[in-house]
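The following paragraphs go through one chain, element by element. Please keep the sequence and the structure at hand while reading.

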Amino acid sequence: MIEWEVGDGTLHVTDADNAELSVRGTNLLVDGSGPDVPRPVDDTVVVTAEELRFPHAVVYAFSLGSSDRYELDPAGAPLSLPPGEYILDIDTEIKAYLRFSGAATVEKTDDFESTVVTFPERTRTILGFRSRHELPAGTIAVPDTPDGLATAISHLASSHKTTGPDRTYPTLRGHPPLIERNDDLAVADCIRSDTPDTGIELHVPPEYESLFVTAPLAYYLQAAVRLDDGERPRLRLADVGRESELASLPDLEHDVERLLRKTFFLDCLARNAGPYGTTLAEVNLLEALELDAAELYDASPQERLDRYLDVPYAAIEHRLPEWHLSTYVTPSRDNVDTLPFLLDRMSMIYLPRTSELQGRELVERSLEDFYRNTPTRVGRASAGQVASVDIVKPELRNGRVHGWLADGVPIDVFKSAPEAYRNRLSYLERTSDATSICVVLNDPEMVGEHDHVAEIYRQRSTELTMDVTVTESLRTSELARVFESDYDFVHYIGHCETDGLRCPDGYLSTTSLDRCGVQTFFLNACGSFYEGMTLIEKGSVAGAVTFTKVLNDHAVKVGSTFAKLLVHGFSIERAMCLARRRIMMGKDYAVVGDGTHSLTQGEPTTVRIAELDDGDDEYLVTFDCYSTRVTGSYYFPHTEDNEYAYLCGNESNFTLSESELASLLAESESSVIYNGDVYWSKELSSHFDP
């Protein structure tokens, strides 16, 4: 639901998720609700003005009279649109579309804080809004039975805003309804009415294992889940007279993965025949497969899936983007209510399997990820005893990021808990004008990391609205108040022992807290895993921890890199993954809670990594862009001669001269891996400036 009001020359827009958008105008007049625009919107208003000023945003302009498409240069060059009829796609916190006739100039302000649309004269426009729908719309109550769970999964796709290929766009997939356990089945009328009838049925055995594994496929296909005692699961497309069998467990996991990845990818290509198309580098594959994008775009869900089932997986496997997220879940009643959160992130779901680490395997795995061998001098370990963690080796399947909702403490995954997902909802509902960060130094010998990360947070606060608090030598009661407060992020630097976090007057065990109001945290101290898990159970969403004793030099490197990536919009898991590669024993660090979570005001939601390799008078630049939050998006590498966008999850490669590289780095907003270290693009550009 969209609500709006006008005051002081500004149109204020809010949605049910408490997201806000303010549009300022010169000689602004808002006439009330307007006609539809050729985009999926929740509401429109008629706005007349000479100039409209939006928050900083990615902006695309589409000509409604031709196939021309333009993008506002992220480096700041204005976009001049000749007279015509246009619709602007403005990617603000609430999605905005601006339709108008005539000429216009779109540009960023000098401080990059605002995006301004200017008309030659006062112009009547139609401004449409669509909520990103990050909060669930309702709750489904189900009994503790496979039949109840099948009914719930069948209705989770009610959050989709379309049944066509455009559902691959993350803004057209809202958060699924919540699931709660109850003696009786209860599905709200609004959820029933919003559940699409695609005619696609997914028949599975009446068991939790098969229902959990097939849930991502059923959700994306918007399929009705039917329980069937048959030997093998199957897809049924009644209108086209087709049934397609899937394997039984455990091979069912493999079949679901292949079919979901194939369907999602081909939908990403077919959507280019619609109004939001872009010049994708991958789209030429449709012609090779003898598929017509326009026919697929206009086809019914059954007809489109029927065509996709005929495409051999081997024909597209080498072009598929790497899947962003896989979660390993114990298929039990206790985890039923986590399914909407996992499907909101479009996670694959697998059954958890582990084995013991053999010999020096943990050390060897750490060394594989290490790319800068730095001497270590000062130990962070204290004289006290550090809590030991029994680490196991998970059997990981396809995925860039891996989550664990099961027993055991595995490496190479984030260890989550059902509480983490429920806690995330409470922070989405929390309103704040600034991201609040508290840095706690509880050992003066670690002042180096303290000063470094505090400076990183303060520097970023000049670009984003942040409140940074720096504290030292907190007593147990003072540290408890920090964790019980409403900070968005707490960076603790000190010692952790079996009795808890060390303070000048003793130890704070996080089990003693009544609640934890801190959204995210980093306990950069020896053996902080159990204290971190307790913070999740008490109210946090995600945090970084250690498994064992860590060396001070290592802690400083991980802490400072993690801090920089986190405040630039990286998820907790992605920030830690990159940060821990800087040290030999990177596997000593891990993430607990929902590792896909990022700070509420972190930017951007899709982060870019560029890796540089030196050549003879030129450089190979590899772009890698993905996010567990916006699956289905694309990115555009702003190199001089590039004309194509790439699907997130697919890498792109370019060979650049030194001057071209310097220009690219100066104008981009991305992290860069160069000579085994992590830099921010703008700070590295001077190194290549001829």
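Two residues are taken to be in contact when heavy atoms of theirs lie within 4.5 Å. The model is a predicted one. With that cut-off, Thr-125 touches Val-45, Val-46, Val-47, Leu-52, Leu-98, Arg-99, Phe-100 and Phe-119, neighbours within four places in sequence being left aside. Thr-125 belongs to strand β10, which covers residues 114–130. Its relative accessible area is 1%, so Thr-125 is buried, the limit for that class being under 20%.

Glu-107 is a second residue to look at, in strand β9 (residues 95–108). Here the relative accessibility is 29%, and Glu-107 therefore counts as partly exposed. Apart from neighbours within four places in sequence, Glu-107 has contacts with Leu-72, Pro-78, Ser-114, Thr-115 and Val-116.

Helix α1 takes up residues 146–156, and because nine of its eleven residues are buried, the helix is largely enclosed by the rest of the structure. The buried residues of α1 are Pro-146, Gly-148, Leu-149, Ala-150, Ala-152, Ile-153, Ser-154, His-155 and Leu-156.

Next comes a sheet. In what order do the strands of the open four-stranded sheet lie? The order is β15-β14-β16-β17, with mixed pairing. At the edges stand β15 (224–227) and β17, and since each has a single partner strand, one side of each lacks a neighbour in the sheet. On average, neighbouring strands of this sheet are turned by 25° against each other, direction ignored. Strands of a sheet are paired through backbone hydrogen bonds, in either a parallel or an antiparallel sense. For β16 (residues 234–237) and β17 the sense is antiparallel, and the pairing extends over four bridges. In one of these strands, β17, Arg-242 is the bridge partner of Leu-237. Helix α3, residues 208–221, packs on the sheet and touches β14 (200–204), β15 and β16; the direction of α3 makes about 175° with that of β14. Helix α7, residues 301–309, also packs on the sheet, where it touches β14, β16 and β17, and its direction makes about 130° with that of β16.

Some backbone details lie in loops. Most residues other than glycine have a negative phi, and most peptide bonds are trans. The peptide bond from Leu-249 to Pro-250 is cis, with omega near 5°. Pro-250 sits in the loop that runs between β17 (242–245) and α4 (251–270). Asp-8, which is not a glycine, has a positive phi near 55°. Its loop lies between β1 (2–7) and β2 (10–15). The loop holding Glu-290 is the one between α5 (285–288) and α6 (293–298). Glu-290 is exposed as well, at 69% relative accessibility.

Where helix α12 (residues 447–461) and α15 meet, their axes come within 9 Å and cross at roughly 10°. The two helices are therefore roughly parallel, the limit for that term being under 35 degrees. From α12 the contact takes in Glu-449, His-452, Val-453, Ile-456, Tyr-457 and Arg-460, and from α15 Ala-555, Val-556, Gly-559, Ser-560, Ala-563, Lys-564 and Val-567. By class, seven residues of this contact between α12 and α15 are nonpolar, three are polar and three are charged. An α-helix has 3.6 residues a turn, so residues three or four places apart point the same way.

Helix α15 (residues 552–567) also meets helix α16 (residues 572–579): the axes come within 8 Å and cross at roughly 140°. That angle makes α15 oblique to α16. The crossing of α15 and α16 is right-handed. Which residues of α15 meet α16? They are Val-558, Thr-561, Phe-562, Leu-565 and Leu-566, and in α16 they meet Ile-572, Ala-575, Met-576, Leu-578 and Ala-579. In this contact of α15 with α16, nine residues are nonpolar, one is polar and none is charged.

Key:
Residues are numbered from 1 along each chain as its sequence is written. This is a predicted model: local features need pLDDT of at least 70, side-chain atom pairs count only at pLDDT 80 or more; totals for chains, interfaces and linings use all residues. Side-chain values use heavy atoms; hydrogens and water are left out. Axes are lines fitted to C-alpha atoms, for helices over the stretch in contact, and angles run from 0 to 180 degrees between N-to-C directions. Angles under 35 degrees count as roughly parallel, over 145 as roughly antiparallel, 65 to 115 as roughly perpendicular and the rest as oblique. A crossing is left-handed if the near helix is turned anticlockwise from the far one by less than a right angle, and right-handed if clockwise. Ala, Val, Leu, Ile, Met, Phe, Trp, Tyr, Cys and Pro count as nonpolar, Asp, Glu, Lys and Arg as charged, and the others, Gly among them, as polar. Buried means under 20% relative accessible area, exposed over 50%, partly exposed in between (1.4 Å probe, protein chains only). Two strands pair if DSSP finds at least two bridges between them.
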